[in-house]
Amino acid sequence: MSFLTIKGAFRHMAKIGVGVFALATLTAEAGDKLVIESWRNDDAKVWNDVIIPAFNKSHPDIKVTFSPTPPADYNSALQAKLQAGTAGDLITCRPFDVSLALYQKGNLEKLNDLEGMNNFPDVAKTAWSTDDGKDVFCLPMASVIHGYIYNKEIFKELGLSVPKTESDFFKVLEKIKDESRYTPLVMGTADQWEAATMGFQNVGPNYWKGEEGPKALIDGKEKLTDPEYVKVWEHLAKWKPFLGRGYQAQKYADSQNLFTLGRGAIYPAGSWDITTFNEQADFQFGAFPPPTPDGQKTCYISDHTDIGIGLNAASANKKEARIFLSWMAGSEFAELYANQLPGFFPLGNHKISIKDPVASEFLSWRGQCEQTIRNSYQILSRGTPNMENQLWNVTVQVLNGSMEPKAAAEEVEKGLKTWYQPHM
Amino acid sequence: MMTHSDIRKPFPWHILVFLAPGLLIYLTVSVYPLLDTLRLGFFSEDKSGATFFVGMQNYANLLFSEVWSEPFWNALKNNLMFFVIHMLLQNPIGLLLALLLSSPRLRLSGTYRTLLFMPTMLSVVIVGFVWQLLLSPLWGISEDFMYNIGLGDYFDAWLGKEGTALVTLSLISVWQFVGIPMMLIYAALLNIPEDLNDAGVVDGANSWQIFWNIKLPLLLPTISMVSILTFVANFNAFELIYAVKGALAGPNFSSDIMGTLFYRTFFGFQLQQGSPTMGAAVATLMFLIILIGVAIYLFFVQRRIQRFQL
């Protein structure tokens, strides 16, 4: 390259530099562009095509961008971005302690006086309130319900009916195992979280009597070594023969595929699976709540406040962000969200009709059963070792048959004992 | 006309100028963060995010208190295992492949070289994904393959079991990185003059004796360099385990190594809050382990290696 061309190149680069700089100042001046941080990268299409355009109909001057991070990286990426001051204006909140810690560090704005916040009952707000319940820092967005999704065609083919009690449930599983080549229970333990979330937290509320359980654990009145918890692991230990071959290496996506390909009969589910199954399964599927232990009249379900949205305390566009949040607190958003993402259930007091049949099946259990949240989410996962992670670990071992139910209970209780005063 | 010795050499400013950009980058993105990590390890953090000095507390916790020491020693043990498997397989296989490739009778050696080196250039995430599919009991082809060679009964969900997860992951890693020792040793082999081999043949040595008495001693410096590279890479490893098993490195932490332990501690995981200060302590220990390993190598191995002037 001759000297002349180098000089030319420099001049060219200088021009581009000025252009980029001008562009940067322009966008900075525009200022009313809201960025939403989220872990729900599956939902990007719904936000971009439906929710944001709906908002822009009434507020055309506020631009909103949905910018998700993959779920597994979300917490760490968000923390890094908040520290560096590059996080978006609106922050999707995990329930309980993860968001509480952000609030305590001053990353999230107090939202007590947000317009529309009074549309939500206290139960919905607990996941994003301080321990004393005084301050709310995220707007409740949706909850997810646990249960089982089953392949209706396989049930019909084998002449099975939906199990109501625990012994019914295992009889159904036996029958599928004996009389067909279908995998009776579609779940793996490779990713670990399914075991705790779709296993332990799904089956458990029936044994620890819904909300009573987590409260008693927090107060220290109950211990995980008490029979109502050991029984949950005993129940799960009985799953082993009904899980597919090589389930120890079966990942969450494998389970979803296995079920949507029609190779399995019952899938321990979270209601968020409905969207995936609607897209992929070409057979009829239905849902049933966790069968109750024999003789128990009341049923309990895990109806978990899972997702909220808060305001970054360092945001430069707080006024616009509050307008957006207030809109999200209204019925228009609730209706859109619930129907675009069947399986995520709104937490507000709005009357909403849910069109998806399986989603409304899940929702109908709210009328028949008592609801509770996952028992490790509030307070009990604050220390090290962390109860949620321990539940993943020991439940996988129980399902893999490498740990006795009693030992699992003892291990988690031992962990809680090391740092949580009421259990010492 | 001045003679050469009359000129007082001016200070070599140009060297400084040319070094400056590299040095500056190295100082800011490598040395400073390292020193700051060492510093951060002596601090702890309260709820509001404020840090305060705690001295050696973090290290005492990591090494002696049950909650931290159990995962720490477990991760260290697994990491050693990971390294030992690499040493036992990656380098001997690399050597063997290099010897085969350098054989003048081998045709298409360029093609083999490229194919064998290929996985090294793939992203770890892809490697993890592909091997998970291959080994999957649901969709994988390994089971059929094993039945075809009559070993079907031995097939198992290797990646999912406590006893086999770490070994399987190590083997995947060996498969991916065997190209590096192969290429380095191959390059060293090409540097050995034919005359030496010919002289050996004239003296009546068979090919095993030529390998053992001529080639191997000349390759030793390269092999020991490869070993120390493997050591450093293995104790820094993280991506493959994270890509395949996630940050909880299950089942029951059987594939947890220093890298995944560090990630969990520093960034947190699921409901567990990350702790930058405790994470810094873990990172410092990783640094020290690597430092000690390299120091041992320099003092006890590197100094004894004889280099031959060829």
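Predicted model: local features only at pLDDT ≥ 70, side-chain atom pairs only at ≥ 80, totals over all residues.

How are α4(B) and α8(B) oriented to each other: parallel, antiparallel, perpendicular or oblique?

Modeller: In chain B, helix α4 covers residues 109-121 and helix α8 covers residues 179-191, and their axes come within 8 Å while crossing at roughly 135 degrees. An angle over 145 would count as roughly antiparallel, and one from 65 to 115 as roughly perpendicular; α4(B) and α8(B) are therefore oblique to each other. On the α4(B) side the contact is made by B:Arg113, B:Leu116, B:Phe117 and B:Thr120, which meet B:Gly179, B:Ile180, B:Met182, B:Met183 and B:Tyr186 of α8(B). Sorted by class, the residues in this contact are 6 nonpolar, 2 polar and 1 charged.

Another backbone feature of chain B is the cis peptide bond from B:Gly250 to B:Pro251, with omega near -10 degrees, and B:Pro251 belongs to the loop between α11 and α12 of that chain.

These elements lead on to the neighbouring chain. In all, 34 residues of chain B are in contact with 39 residues of chain A, and the two chains bury about 3,300 Å² between them, with 52% of that area on carbon and sulfur atoms. On the chain B side, the greatest losses of area to chain A fall to B:Trp139, B:Gln270 and B:Leu271, which together account for 22% of what that side buries.

Between chain B and chain A, 12 residue pairs are in polar contact, counting pairs with both residues at pLDDT 80 or more. The side of chain B that touches chain A draws at least two residues from each of α3 (66-102), α11 (239-245), α12 (258-267) and β4 (272-273), and α11(B) gives the most, with 4 residues. By class, this side of chain B comprises 18 nonpolar, 10 polar and 6 charged residues. The interface also has 2 salt bridges, and in one salt bridge the side chain of A:Lys414 meets that of B:Glu66 at 3.4 Å, N to O.

Over all chains the count of salt bridges comes to 19. Within chain A, A:Lys45 forms a salt bridge with A:Asp49, where the closest N and O atoms are 3.7 Å apart; because these residues are 4 apart in helix α2 (residues 44-58) of chain A, A:Lys45 and A:Asp49 are separated by about one helical turn. Chain A also has a cis peptide bond, joining A:Thr384 and A:Pro385 with omega about -5 degrees, and A:Pro385 is placed in the loop between β10 (370-372) and α17 (387-400) of chain A.

Key. Residues numbered from 1 in each chain as written. Chains lettered and ligands numbered in written order. Heavy atoms only, no water. Contact = heavy atoms within 4.5 Å. Buried area = accessible area lost by both parts, 1.4 Å probe. Salt bridge = Lys/Arg side-chain N within 4 Å of Asp/Glu carboxyl O. Polar contact = N/O pair within 3.5 Å; in protein donor to acceptor, adjacent residues only side chain to side chain. Nonpolar A, V, L, I, M, F, W, Y, C, P; charged D, E, K, R; others polar. Axes fitted to C-alpha atoms, helices over the stretch in contact; angles between N-to-C directions. Parallel < 35°, antiparallel > 145°, perpendicular 65-115°, else oblique.
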